[in-house]
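Here is a look at one protein chain, worked through a piece at a time. Have the model open as you read.

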Amino acid sequence: MFLFLSRVNHVKIAIFNVITVMESSSAQSTYFIPKQECQPASSNMASSSKRQTRSNLIKQQAVKIKLETDVNELLEEKVKVKKARKKVVVSMEDNVTKEPIMPENWETVLKNIQIMRAKKDAPVDLMGAEKCADAENSQEVKRFQVLVSLMLSSQTKDQITFAAMEKLRKHGLGVENIINTDEEVIAKLIHPVGFWKKKASYIKKTASILAEHYNSDIPETVEELCKLPGVGQKMAVLTVNIGWDKTVGIGVDTHVHRIANRLGWTRQPTKTPESTQKELEDWLPRSLWNEVNVLLVGFGQQHCTPVKPHCGTCLNRDLCPVGKSHVNR
Ligand code: SF4
């Protein structure tokens, strides 16, 4: 920047000097080259003087062109400096907004939840997606069953999903068998899960896609899974985590979303499970991503319920903002 300013000053002084010289010469010393003289020279002196004047004008023109080039270069430099400055500011802002937060006492709060969940007797522990697949089947079939159970679980209680999965498994829950089963039959088997008619159609279409494009297995990535009919972000993350035994994200359902907000585990209140997932993944150690889903879902089913959470008996009542306000009332 200093170099740039000193170059600007230098050019300004040069321009000033040239203009002064030009003004002090004849009134014809304008910034253009005069036309060729048509008349013959009347004397040697007059001819020499004219040559001198033309020579001066050509020199002045050359200086002018040089100065214009310098000014243009400086203007370009100025634009570059401005752009560079903007970049620095943007990247600083990025750093500020992306800086992860580690919520105060989060380890103690998590430990307390693990203690309250020690019995592992919540519906999710006994009837969650991990409990819905046939242990004896091949890995491909188990993965398909995990996917189907997660498709059924949206807007549906674990008990109802589990019962529907039992009926489907008894019928035969593999890709080929679903392709050969009428949609109406699937719908009857999964009733009364939420949106059972739509889900029957999704399951049937998914089976055909898997047979055609994935050799009757399921895709290995969240992006590909999300392209299947009726499969959303949370389902896809949990399917990869459970089905492929890979930790690719935190499965955030309505329980995880609610509890994370109540505990102040997000920088500001979040409106969607997707934004909560991003917030949690910013600071929660990856080694806890798998565990935290089942831990918080069960905690939400038994303690931190959507309506009337049991703050009075919660071990986090003195650490949780909502608990503190409940207890102090
Ligand atoms: S204190 Fe209440 S709101 Fe906070 S985690 Fe415990 S049950 Fe949930």
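## Helix H7, end to end

Start with helix H7, residues 158-171, in this predicted model. At 1.5 Å a residue its 14 residues should span 20 Å, and the end C-alpha atoms do sit 20 Å apart, which agrees. Seen down the axis of H7, the buried residues fall within an arc of 165 degrees, so they line one face of the helix. Those buried residues are Asp158, Thr161, Phe162, Ala164, Met165 and Leu168. The pattern makes sense because an α-helix has 3.6 residues a turn, so residues three or four places apart point the same way.

What does the buried side of H7 pack against? Its partners are helix H4 (123-127), helix H5 (129-132), helix H6 (139-153) and helix H9 (183-190). Over on the other side of H7, Gln159 and Lys170 are exposed. After H7 comes Gly172, with a positive phi near 115 degrees.

## The whole chain and its cores

Zooming out, the protein has 16 helices and zero strands. Of its 329 residues, 27% count as buried. Among contacts with a separation of 6 or more, 63% are between residues 24 or more positions apart.

The largest nonpolar core has 37 residues, and Val148, Met151 and Ile190 have the most contacts inside it. At least two residues of this core come from each of H5, H6, H7, helix H8 (175-179), H9, helix H10 (196-213) and helix H12 (233-243). H6 gives the largest share, eight residues. Leaving aside neighbours within four places in sequence, Val148 is in contact with Leu168, Leu173 and Ile203. Apart from this core lies another, of 20 residues, among them Ile113, Trp265, Leu280 and Val294.

## Around the ligand

Which residues come nearest to the ligand? Of the 13 around it, they are Cys304, Cys311, Cys314, Cys320 and Gly323. By class, the shell has seven nonpolar, four polar and two charged residues. Helix H13 (254-263) and helix H16 (321-327) each supply at least two residues of the shell.

H13 has a buried set too: His255, Val256, His257, Ile259, Ala260 and Leu263. These pack against helix H3 (106-116), helix H14 (273-283) and helix H15 (289-302). Just after H13, Gly264 takes a positive phi of about 75 degrees.

As background, most residues other than glycine have a negative phi, and most peptide bonds are trans. A few spots here go the other way. The bond from His191 to Pro192 is cis, with omega near 15 degrees, and Pro192 is in the loop between H9 and H10.

Two non-glycine residues with positive phi are also worth a click. Asn105 has a phi of about 60 degrees and lies in the loop between helix H2 (44-98) and H3. Asn105 counts as partly exposed because it has 16 C-beta neighbours inside 10 Å. Gln155, with a positive phi near 60 degrees, is in the loop between H6 and H7. With 10 C-beta neighbours inside 10 Å, Gln155 counts as exposed.

## One last pair

How values were computed:
Residues are numbered from 1 along each chain as its sequence is written. This is a predicted model: local features need pLDDT of at least 70, side-chain atom pairs count only at pLDDT 80 or more; totals for chains, interfaces and linings use all residues. A residue is near a molecule or strand if its C-beta atom, placed from the backbone, lies within 6 Å of it. Helices (H or I, at least four residues) and strands (E, at least two) are DSSP runs, numbered from the N terminus. Ala, Val, Leu, Ile, Met, Phe, Trp, Tyr, Cys and Pro count as nonpolar, Asp, Glu, Lys and Arg as charged, and the others, Gly among them, as polar. The expected span of a helix is 1.5 Å times one less than its number of residues. A residue is buried if 20 or more other C-beta atoms lie within 10 Å of its own, exposed if 12 or fewer, and partly exposed in between; C-beta atoms are placed from the backbone. The arc is that of the directions from the helix axis to the C-beta atoms. Two residues are in contact if their C-beta atoms, placed from the backbone, lie within 7 Å. A nonpolar core is a set of buried Ala, Val, Leu, Ile, Met, Phe, Trp, Tyr and Cys residues joined through C-beta atoms within 7 Å.
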